[in-house]
Amino acid sequence: MNEINHKTVFVLDHTPYFGISCESPIDCDFIKSKVPVPPISKSLWTCAVEASVEYCRIAYDLFPAGKLIRFVVSDTAAHIVNTWNTGTQTLTHILNAMTMVGVPPRQTQASDYSVIHGLRAAIEALAEPTEFQKEQLVAHAKSDNVKLLNRGRVICITSARDDASMKSLEDIFRTVLVQQNTIAGHKDYISIDQCHLVIINLYPANMESMVSNRALIEISPILMSEIHSNKANNISNKLTNLILPHFDLASTTVTGIPMKEEQNASSSANYDVEIFHGRTAHSVFLGTELVLPHSLKEGSDYETVTLKWCTPRSCGSSEMQPCLAQCRVTPVDVTSRPSSCLINFLLSGRSVLLEMPKKSGGKITSHLLSAHGGEIFIHSLNTARSCLEDPPSISEGGGGRVTDYRIKDFGVLMQQHRMVPLKPMPERQPDESLQKMRTKLSRNSRYWPLTLGRTVLYNVRHFIEPLLLLTQKPEMTEDEKMMCLKSIYNLSQLEERQESLVLPNMGHRLKGNKKEEQYRLLWSELETIVNCNGSSPNHKAIVSCIRECRRMYPNADGSDPYDKAHGTEAGTVPDAHRASVIRATTDSPMSPPHSMSGSSAGTGSSSGTGGTAGTVTADSSSSAGTVASSASVGGVVNLLGTRGGVVGSKKSLASGGRSLFDALASTERAISQKRIDFSGRLCTPTGQIAKLYSHIGSKDAEGSQGRPTDVK
């Protein structure tokens with residue numbers, strides 16, 4: 001009960017100005033009298049008292065204990081209406097005290113009328129401990145590490161000339177608040193840790209105010225303030241709007257309530273009744289398929305949720321349903337006939353179901369209104385599978401029709417994060433290992449599909465098993481990174497060969513089991529899981545490699561999935577980047593010379609498509625040097641990312657990239673380089689051409705003498 005709404009103090013201005021009319025006439029009509037009655041008008045004081053008492057009624061109805069409200073009346077001095085004692089926290093006590101206070105006096109010559117007296121008394125009231133806080137002080141006296149938080153709210157209803165007067169009022173309040181904290185500990189006062197000041201400027205309906213509205217701001221570390229300027233006839237709506245955030249409440253309008261007409265009992269009409277309750281009754285449905293039908297309340301600034309009345313039923317044990325939340329309710333307009341009829345109907349032992357729309361169409365019963373022990377509650381019903389039902393054996397299909405749970409993978413996950421008791425040591429921080437395990441579990445379970453039908457990646461894990469295991473480590477070595485890149489390369493070869501992936505029924509995620517859709521989902525899922533597993537440089541390199549492979553399979557509309565993310569349009573990747581891509585994915589100490597080695601080593605190459613043919617025949621020594629230097633580059637970032645110049649499409653191969661043919665040709669050259677060269681070339685001096693089978697050539701020359709020359 002250390003919330004800021006545990007203690008609320010109303011300061012009502014009782015100066016002579018509040019005795020004037022609010023200039024909002026009310027017409028009166030007597031049925032048995034033909035004499036016209038002139039309209040009447042409430043005073044500013046009456047409007048302020050009625051609105052503040054209604055604020056109290058809503059708080060007392062929804063919170064029978066723990067939420068305390070005090071009243072202070074300020075004129076020439078501060079008059080305390082009630083205390084923090086629960087015996088004075090009733091509407092009867094407050095109304096009787098207001099009756100004794102009476103209407104503000106007529107205009108007098110006294111000049112000491114001020115609302116500042118009431119603000120000083122309100123700060124002293126916040127410094128007084130409540131019964132609950134006294135119990136906490138006794139309990140905390142035995143422990144020096146626990147401090148009691150004393151927070152509260154002051155709602156001041158007054159009238160000021162302009163913004164400067166309001167600023168002066170806030171400055172005085174802040175000064176008195178600081179002074180009060182300096183004397184904390186004396187006269188049983190406690191320090192005020194946080195105070196929320198709400199100033200409502202009230203003026204007649206036929207006038208214009210010079211005071212501007214101002215949202216909540218922080219004036220000091222312990223003081224927040226906001227200003228509202230309202231006409232007197234709208235003060236009730238303003239306080240009704242403010243009580244929702246003050247006590248974390250929500251509004252629900254029950255629509256379509258059939259009620260018999262008062263004049264004609266044989267006919268009925270449908271009415272609407274608005275009720276207030278805890279916000280939990282609505283927030284518990286966030287993230288589900290239910291759509292809360294929000295709408296702005298007419299004449300107010302807050303939203304209400306409209307739920308439709310269903311056929312009422314008795315509240316027996318057979319009708320009980322599991323619920324997610326339960327909150328007390330109170331009608332907004334307690335004096336209206338529809339509200340009275342609804343309250344009496346529920347108190348008679350009946351319960352009413354309320355329905356709301358679903359995203360997929362149709363309606364569903366989401367709430368239940370029922371009375372328990374003379375109090376009315378709204379229940380948020382469980383719209384999903386009930387936790388009270390007997391769960392089936394997982395071997396028989398846990399979750400109803402769902403039978404493809406990843407049971408073995410879940411067992412492995414539990415074994416990887418199994419914890420054992422650890423002997424405490426002075427040099428080890430308490431719960432250090434526990435925090436590390438929580439971090440590890442959070443990282444490894446950030447993306448973890450429950451069923452095989454909701455994943456493509458874990459159905460083809462035999463292709464990328466090393467990657468799934470190695471990327472779970474927070475840090476990876478260079479060898480582990482190369483193993484992951486090799487797995488991605490193998491998967492890319494499957495993609496090039498247009499091999500279909502053997503997958504179970506993917507439901508709505510996969511349309512038609514197309515190969516393009518399969519690989520698009522596979523690359524997307526692979527990128528997600530590597531991103532979630534770690535953020536080391538090697539993890540980022542693997543993610544970059546996967547992203548380049550994803551470019552081979554664009555989005556459903558044909559666009560590059562990384563055009564917007566990386567700011568690079570299709571077909572505009574720089575040549576230097578292409579060189580680094582191919583070097584990073586093919587270079588190793590045993591790699592063959594490749595088409596980009598000449599340009600990457602700085603030995604020069606021709607541009608366009610001719611550059612590739614010109615650099616393939618580079619000598620082995622320069623190639624080996626280039627390969628060795630490329631293999632030491634730490635930024636291994638991509639795998640065949642510009643293969644065939646394909647960026648979001650497979651059509652263009654003219655951008656100087658590496659195609660599948662280039663990869664196969666490089667492999668063939670690597671194999672040929674490992675063979676022993678023939679002796680003729682080894683014995684021939686540099687710059688000369690070795691002759692093959694020279695003895696055969698000489699015999700042919702001798703036999704050809706005397707014969708005519710062949711015509712070619």
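Start by selecting helix α1 (residues 44-62) and helix α2 (residues 91-101): α1 passes α2 in a right-handed crossing. A crossing is right-handed if the near helix is turned clockwise from the far one by less than a right angle, and left-handed if anticlockwise. Helices here are DSSP runs (H or I, at least four residues), strands are runs of E with at least two, and both are numbered from the N terminus.

You're looking at a predicted model, where local features need pLDDT of at least 70, side-chain atom pairs count only at pLDDT 80 or more, and totals for chains, interfaces and linings use all residues. Residues are numbered from 1 along each chain as its sequence is written, and side-chain values use heavy atoms, with hydrogens and water left out.

**Stop 1: α1 against α2**

Turn the view until you can look along both helices. They pack at an angle of about 170 degrees, with their axes 11 Å apart. Axes are lines fitted to C-alpha atoms, for helices over the stretch in contact, and angles run from 0 to 180 degrees between N-to-C directions. That angle makes α1 roughly antiparallel to α2 (angles over 145 degrees count as roughly antiparallel, under 35 as roughly parallel, 65 to 115 as roughly perpendicular and the rest as oblique).

Now show side chains. On α1, pick Trp45, Val49, Val53, Cys56, Arg57 and Tyr60; on α2, pick Leu91, Ile94, Leu95, Met98 and Val101. These make the contact, meaning heavy atoms within 4.5 Å. The contact residues divide into 10 nonpolar, no polar and 1 charged. Nonpolar covers Ala, Val, Leu, Ile, Met, Phe, Trp, Tyr, Cys and Pro; charged covers Asp, Glu, Lys and Arg; the others, Gly among them, are polar.

**Stop 2: α1 against α6**

Which residues make the contact? Select Cys47, Ala51, Ser52, Tyr55, Ile58 and Ala59 of α1, then Ile235, Ser236, Leu239, Ile243 and His246 of α6. They divide into 8 nonpolar, 3 polar and no charged.

**Stop 3: two aspartates**

Jump to Asp193, in the loop between α5 (163-182) and β5 (194-203). Is Asp193 buried or exposed? Asp193 is buried, with a relative accessible area of 19% (buried means under 20%, exposed over 50%, partly exposed in between, using a 1.4 Å probe and protein chains only). Not counting residues up to four places away in sequence, Asp193 touches Lys147, Leu148, Leu149, Asn150 and Ile222.

Next, select Asp409 in helix α9 (residues 407-416). Asp409 counts as buried at 19% relative accessibility. Leaving aside neighbours within four places in sequence, Asp409 is in contact with Trp448, Tyr458 and Arg461.

**Stop 4: the whole protein**

Zoom out: there are 22 helices and 16 strands. Of the 712 residues, 40% count as buried.

Finally, colour by pLDDT, the predictor's confidence in each residue, from 0 to 100. The protein averages 76, and 71% of the residues score at least 70. Among its elements, strand β1 (residues 7-13) has the highest mean pLDDT (96) and helix α19 (residues 620-631) the lowest (35).
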